[in-house]
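Me: I am new to this structure and would like a close look at one part of it, the salt bridges. Please take them one at a time.

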Amino acid sequence: MKDFFRNNGLLLLIAAVLLALVTAVCTMLLGGTADPLSDLAGFLTAPIRNGISSFANWTEERYSDAFEREQLKSENEELKRQVAQLQAQARDAEAALEENKLLKEHLGLRPSQREFEEELVSITAWSSSNWESAFTISKGSSLGVEAGDCVVDEYWNLVGVVSQVGENWATVSTLIDSDLELGGMLARTGSAAILEGDFSLMGEGKLKLSFLPENSELMAGDLVTTSGRGGVYPPGLVVGHVEEVHTEASGMTQYAVIIPQTELEELKQVFVIKSFTIIE
């Protein structure tokens, strides 16, 4: 071995210098480029790193979108709630204005020479059938409503009579109900008769004026009002007008078919006359 180094020392020295020079030149040319193994590892893992980065960016975007959607949904729900409140306030205001208008018209048309104590009520349910024509109102005995009280619309047209009373409700039998019966009068002649509901006419929304006096000279279109006889019901409430006159099956008496002045199907609020006084 000593002989080998002694005989080839110069060649080894030259080889070492050349290797050093080659290494220096490569380092200068590569300028910090990674060695082959590191470069291979980086090449193989680059797609994974890129995929992880892309997935992270996608996840962040989806989270951001979901957060914005949830925020918009919350804001939309709040806006809906506010709109609902405003709509409810508008309905209440409209109902108050309508009620004030109704009261004003009603009071302005109040018949003279009479004093009334009336209660404005709402119709809450109808119970019309082949056997009855009635509805339920929103107030009862706690506010002084009693059975037998007359019920009118805003124009003082007769609507019906209270037939049953609860604490905070009452039932009104309409003027076409088959059980209704009260005194009527022909406005043109002053002739008295009886207003009564009739099964055969109830389905047509009409009633009868019976027990007509002889030679009453009824005419189509004659106005019929309440007579007020007996003091149970106020006089002068408009009931309706004569449509036509018929002779009873016995052939002895006549009766008139009356078309109500009020439109029952259109009613939403009515007035209960709790008491009245006739001023002489």
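Reply: A salt bridge is counted here when a side-chain nitrogen of Lys or Arg is within 4 Å of a carboxyl oxygen of Asp or Glu. The model is predicted, and by this rule it holds six salt bridges.

One of them joins the side chains of K274 and E117, with 3.6 Å from N to O. K274 belongs to strand β12 (residues 269–278) and E117 to strand β1 (residues 114–126), so this pair ties together parts that lie 157 residues apart in sequence. To place the two residues relative to the surface, note that buried means under 20% relative accessible area, while exposed means over 50%. K274 has 18% relative accessibility and therefore counts as buried. E117, at 41%, counts as partly exposed.

A second pair is D222 and R188, whose side chains meet in a salt bridge at 2.9 Å, N to O. Both residues sit in loops: D222 in the one between β8 (207–210) and β9 (223–226), R188 in the one between β6 (181–186) and β7 (192–196), so the bridge ties together parts 34 residues apart in sequence. D222 is buried, its relative accessible area being 7%. R188 is partly exposed, with a value of 43%.

A further salt bridge links the side chains of E204 and K206, at 3.5 Å from N to O. Of this pair, K206 has a relative accessible area of 15% and is therefore buried.

Salt bridges can also share partners, and here E117, E119, K139 and K274 are joined in this way into one network. The bridge between K274 and E117 has already been described.

V165 is partly exposed, with 28% relative accessibility. Leaving aside residues up to four places away in sequence, V165 touches G140, S141, V145, E146, A147 and A170. For G140, one of these contacts, the C-alpha atom is separated from that of V165 by 5.7 Å, although the two residues are 25 residues apart along the chain.

Note on methods: Residues numbered from 1 in each chain as written. Predicted model: local features only at pLDDT ≥ 70, side-chain atom pairs only at ≥ 80, totals over all residues. Heavy atoms only, no water. Helix = DSSP H or I, 4+ residues; strand = E, 2+ residues; numbered from the N terminus. Buried < 20%, exposed > 50% of the residue type's maximum accessible area, 1.4 Å probe, protein only. Contact = heavy atoms within 4.5 Å.
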